[in-house]
Amino acid sequence: MGSDIQANPLRDPADRRLPRIPEPCALVIFGVTGDLAKKKLIPAIYDLANRGLLPASFVIVGFARRDWGDETFEEMSLQAAKAHARTPWRDEVWARLAGNFKFVPGTFDDDEAFDRLDATVDELRETHGIIGNAAFYFSIPPMAFPTVLKQLQRTGMSDNRQDRGGWRRVVVEKPFGEDRESAHELNGLVDRVFTANDVFRIDHYLGKETVQNIFALRFANAMFEPIWNSNYVDHVQITMAEDVGIGSRAGFYDDNGAARDVLQNHVLQLLAIAAMEQPNGFEAEEIRTEKLKVLRAIKLHDDLEATAIRGQYADGWVQGRPVQGYLAEDNIPPNSTTETYAAVQIGIQNRRWNGVPFYLRTGKRLPKRVTEIAVVFKEAPHMPFADYDTKTLGNNQLVIRVQPDEGITVKFGSKVPGTGMELRDISMGFGYGETFTESSPEAYERLILDVLLGDKTLFPDAQEVDASWAVVDPLEDYWATTKPEPYESGTWGPTGADLMLQSSGRRWRRA
């Protein structure tokens, strides 16, 4: 009789109507008083709770150099969530989180503080039922990573021992190292303290819906993949532009610059996803394998002087207001040669992309905030129209807008109404906000949830980090002997970046 009972389809683990809920656990945030925690992490936790995606037994543990108690930390978290949450505020949601905030004061080199943290996490097994599960989030400067890792190792908090009763994971923010050698050393340390499967190297761009939609665009449709290659694509542009300056990040930014801060991680990850081959399945290992093939196939141009351009913003106007140059920013040395703009031409040495240039650019104090991937197609091999009818016609383009107006635009030629045969470019677009009733989750919502679930699909592994530094290190070595080209704030960067494309008859897309 029992064999005749059919399983409840609403309990099928493959049923997408069932939300994935993590096991009871704690999230320990180092540097919890910083901007990342207050503006992104804590609001994302509230939004996950508001969507019913957190377990009933969930605790947020803060660690920072403040003389705070649990109540002060909870109040700070309340204000941060109210100020920056994406979803509507509901008191009953916060009431479920209230009482689940713990704070441990201390510095990273304070053994006693980490002993207290260890005891606090251990006590939560009994008081809050987290059964030993804990994720440690490094919202701290990269230079502090080794110290905190060694403390977690010393106290045994990183151990997935059976007597712990659960898992232990670590989340590391970028940049992961400052060059290939330091990244290799840090990878070695992390893998000695935690097992490789428990290390989550976070790149928040990979949590954005539009980035994940690249997989659907390419591999769930028959119309794009046949032309996604060197037979039809003229070149690809990847832009990550910001209209803001360095803000309060002077110390970090002047030590790193645009290439280390953005090009090595965000931009190269976008490139890898846009250029990769179809994976065998949508599992973490299959996707990482194909991304890694692309990163290892990247080749810089032989003439770096013409194809590796960097700049530094000067005085100018942005969004109708005057702004000061980089050298006038607080705590920036007056003789700094750190770049705030980087533009590079690279090639990918494989069959699909042979001969197709990829142009990558990122910068601060540009006219607008925008991140996009523009696939620019070759001109039609023959057009039977008069030259004067097509003089304003450009190349077909498929543009994936990652932010802020998430969506996809297709640009193609069309006849202008009238008695003549004049052709002009027109655009057809899809916007997430217009098509779907639910707004896109913030990237940190998805990524924090994946950490708690143990899903590494959207997290780069150590080999990807190594391959990315293998691209950036030669650029840094070349730039070490040069000075960045000044560009006026509110413009699209230094002249050299325009000349890089003009030399081959191309031009940057005005995003």
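Buried means under 20% relative accessible area, exposed means over 50%, and partly exposed is in between (1.4 Å probe, protein chains only). The model is predicted: local features need pLDDT of at least 70, side-chain atom pairs count only at pLDDT 80 or more, and totals for chains, interfaces and linings use all residues. Residues are numbered from 1 along each chain as its sequence is written, and side-chain values use heavy atoms, with hydrogens and water left out.

### Aromatic pairs

A pair of aromatic rings is described by the distance of the centres and the angle of the planes. Here, rings of Phe, Tyr and Trp (its six-membered ring) pair if their centres lie within 6.5 Å; planes under 30 degrees apart are stacked, over 60 edge-to-face, and the rest tilted. The whole structure holds 21 aromatic pairs.

F30 and F114 form one of them. Their ring centres lie 5.8 Å apart and their planes meet at 20°, so this pair is stacked. It joins distant parts of the chain: F30 sits in strand β1 (residues 25-30) and F114 in helix α4 (residues 111-127), 84 residues apart. Helices (H or I, at least four residues) and strands (E, at least two) are DSSP runs, numbered from the N terminus. F30 has 0% relative accessibility and counts as buried. F114 also counts as buried, at 0%.

How are the rings of F200 and F459 arranged? The pair is edge-to-face, because the planes stand at 90°, with the centres 5.0 Å apart. This pair also links distant parts of the chain. F200 belongs to strand β6 (residues 199-201). F459 lies in the loop between α12 (443-453) and α13 (462-479), 259 residues apart from F200.

The rings of F30 and F114 also belong to a cluster.

The criterion is NZ of Lys or CZ of Arg within 6 Å of the ring centre and within 35 degrees of the ring normal. R201 lies over the face of F176, 5.0 Å from the ring centre. K208 lies over the face of Y205, at 5.2 Å.

### Salt bridges

Side chains of opposite charge can pair when their charged atoms come close. A salt bridge needs a side-chain nitrogen of Lys or Arg within 4 Å of a carboxyl oxygen of Asp or Glu. By this rule there are 26 salt bridges.

R154 pairs with D115, and their closest N and O atoms are 3.1 Å apart. R154 is in helix α5 (residues 145-155) and D115 in helix α4, so the bridge ties together parts 39 residues apart in sequence.

R201, the residue over the F176 ring, forms a salt bridge with D191 (3.9 Å, N to O). R201 is in strand β6 and D191 in helix α6 (residues 180-193), 10 residues apart.

E464 bridges to K291, with the closest N and O atoms 3.1 Å apart. E464 lies in helix α13 and K291 in helix α9 (residues 284-297), so parts 173 residues apart in sequence are tied together.

The partners of these bridges have the following accessibility.

| Residue | Relative accessible area | Class |
|---|---|---|
| R154 | 41% | partly exposed |
| D115 | 38% | partly exposed |
| R201 | 6% | buried |
| D191 | 34% | partly exposed |
| E464 | 0% | buried |
| K291 | 2% | buried |

R218, E225, E277 and R352 are joined in a network of salt bridges.

### H266

The UniProt record, an unreviewed entry, places the feature "active site" at H266. UniProt positions follow the numbering used here, feature names are shortened, and annotations may be inferred rather than shown by experiment. H266 is part of helix α8 (residues 250-275). Its relative accessible area is 2%, so H266 is buried.

Which residues does H266 touch, not counting those up to four places away in sequence? They are K174, D203, H204, Y205 and M240. Contact means heavy atoms within 4.5 Å. Y205 is also the ring under K208.

The side chain of H266 makes a polar contact with that of N265 (3.5 Å). A polar contact is a pair of N or O atoms within 3.5 Å; within protein, one must be able to donate a hydrogen and the other to accept it, and residues adjacent in sequence count only if both atoms are side-chain atoms.

### T409

T409 lies in strand β15 (residues 407-415). With a relative accessible area of 16%, T409 is buried. Its side chain meets that of R401 in a polar contact of 2.4 Å. Leaving out residues up to four places away in sequence, T409 touches Q397, L398, V399, R401, S427, M428 and G429.
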